[in-house]
Amino acid sequence: MESSFVLFGMFASLIVLMLSGAGLAFVLGAIAFLATATLWGPSALIVTVLNTFETMTSEALMAIPLYVLMAAILQKSRIIDDLYTAMETWFGGVSGGLAIGTVVICTIMAAMTGVVGAAVAAMGILALPSMLSRGYHPPLALGAICAGGTLGILIPPSVVTIVYAITAQISIGQMFIAGIIPGLVLAVGYCSYIWVRVALNPKLAPKPVDETTIPLSQKIASLRHLALPALVILSVLGSIYAGIATPTEAAAVGVLGALLSAIFSGRLELSSLNAAATDTLRVTAMILWITLGAKAFISVFVATGGADSVLNFVESLDSSRYVVLLAMLLVLIFLGLFLDEIGIILLCVPVFVPIIKTLGFDPLWFGVLFMVTAQMAYITPPFGYTLFYLKGVLPDGIGIGQVYRGVIPFFLIQVVVLILFVAFPEIVTWLPEQAAARLK
């Protein structure tokens, strides 16, 4: 049986089964199982078993449940509520300040948790009613929450970044460091857009007319709510950057920091820990099942010559290497309309990274570009994940159509930033190079 026929059958089956609504993990696993048994016989399935054991005993993958647990503890202990209180104290009296403050809180939460859903759900519950009650234009408020929430994909400690680094076989610590400046650039871009748009049309975010001025002493006192989040962020990123701990070890440090934060805030309850553990189990199981199915699928793809065919095709092209890069980025954005980012990583990275190396690009730099496309996918209608996260907490009178309108300007900002990173790779690579030189 020709390899091209097998590959076509595999991907056609993948598309058909995904459109049927079946789970990605089980679709990938079933296709790989049937293809392996058909091509090489049932005895060849031992390879899938060995890949499964290799995945389940991976030390690097241990970081995923630890970071998810850290995020869940911080969320269940309501430390995020304290952050919003501090933000409202500082930005509440400024025109457009609540939307800008929401992006700032999402940035801090990204550095605390690395989980997108936590930021979007929390800001949808806390920030959205506050902004709407003050007359904010609903699409502006909704867009700020959706776009700010996606920063958890790029800013470390990001679970998605861990999966990419493991799949691309590059340093998790370097990927973490590489995401810091790009994540902040995006956050500044979102805040700048909100500020400029409100300055041009103050009706989008009117200033409060009957609110008393909050004294500076009270604003400074509210900063105490930043102490515990700062402790968690410094414990995780500081231990990695200083070379004290590996990313996996830093994840354990982060869990300890989250527990201490819950204790110091007086909100460490058995029910909260139980809920955090349950959330961690659910999310980790989902990621690992997708990982197992994708590894089995990719192993068949490689064994039938699919990877070599793609590489040979790219090498035979006379186009500029940037044209090939653009084509890959467009494929990633398109797949983001249908698949989650973990599935895209496990499907595309084993094929794309060798091409990136062949073209002379830095896989670390490409990883950041990949994360930006993942953010774009998260807010792209009609299937962006943040849109559905937010839909679950929308108040009466606010429809999903307003969410769609709100995210479009922020999507365009992501496109501009992506082009910026392609044109100036130094923005992405400077900090990792400085960190590598420091550790030598």
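Hi everyone, and thanks for having me. A word first: what you see above is a predicted model.

Let me start with the salt bridges. How many are there by the rule used here? The count comes to 2. One of them pairs D279 with K76, and the closest N and O atoms there are 3.2 Å apart. Look at where the partners sit: D279 belongs to helix α15 and K76 to helix α4, so this pair ties together parts that are 203 residues apart in sequence.

D279 also forms a salt bridge with R282, with 3.1 Å between the closest N and O atoms. Here both partners lie in helix α15, 3 residues apart, which is about one turn of the helix. Through shared partners, then, K76, D279 and R282 are joined into one network.

K76, at 27%, is partly exposed, while R282, with a relative accessible area of 52%, is exposed.

Staying with helix α15, which spans residues 270-303, let me point you to S272. S272 is buried, at 13% relative accessibility. If we set aside neighbours within four places in sequence, S272 touches K76 and R267.

Now over to helix α4 itself, residues 63-76, and its partner α13, residues 227-241. Their axes come within 12 Å and cross at roughly 160°. That angle is over 145 degrees, and α4 and α13 are therefore roughly antiparallel to each other. The crossing is left-handed. Which residues make the contact? From α4 we have Y67, M70 and L74, and from α13 we have V232, V236 and I240. Sorted by class, that gives 6 nonpolar residues, with no polar and no charged ones.

One last stop, please: V422, in helix α21, which covers residues 400-423. Again leaving out neighbours within four places in sequence, V422 is in contact with Y322, L325, L329, W365 and L369. Take L369 from that list: V422 and L369 are 53 residues apart in sequence, yet their C-alpha atoms are 7.8 Å apart in space.

That's my tour, and I'm happy to go back to any of these places with you.

Notes. Residues numbered from 1 in each chain as written. Predicted model: local features only at pLDDT ≥ 70, side-chain atom pairs only at ≥ 80, totals over all residues. Heavy atoms only, no water. Helix = DSSP H or I, 4+ residues; strand = E, 2+ residues; numbered from the N terminus. Buried < 20%, exposed > 50% of the residue type's maximum accessible area, 1.4 Å probe, protein only. Contact = heavy atoms within 4.5 Å. Axes fitted to C-alpha atoms, helices over the stretch in contact; angles between N-to-C directions. Parallel < 35°, antiparallel > 145°, perpendicular 65-115°, else oblique. Left-handed = near helix turned anticlockwise from the far one by under 90°. Nonpolar A, V, L, I, M, F, W, Y, C, P; charged D, E, K, R; others polar. Salt bridge = Lys/Arg side-chain N within 4 Å of Asp/Glu carboxyl O.
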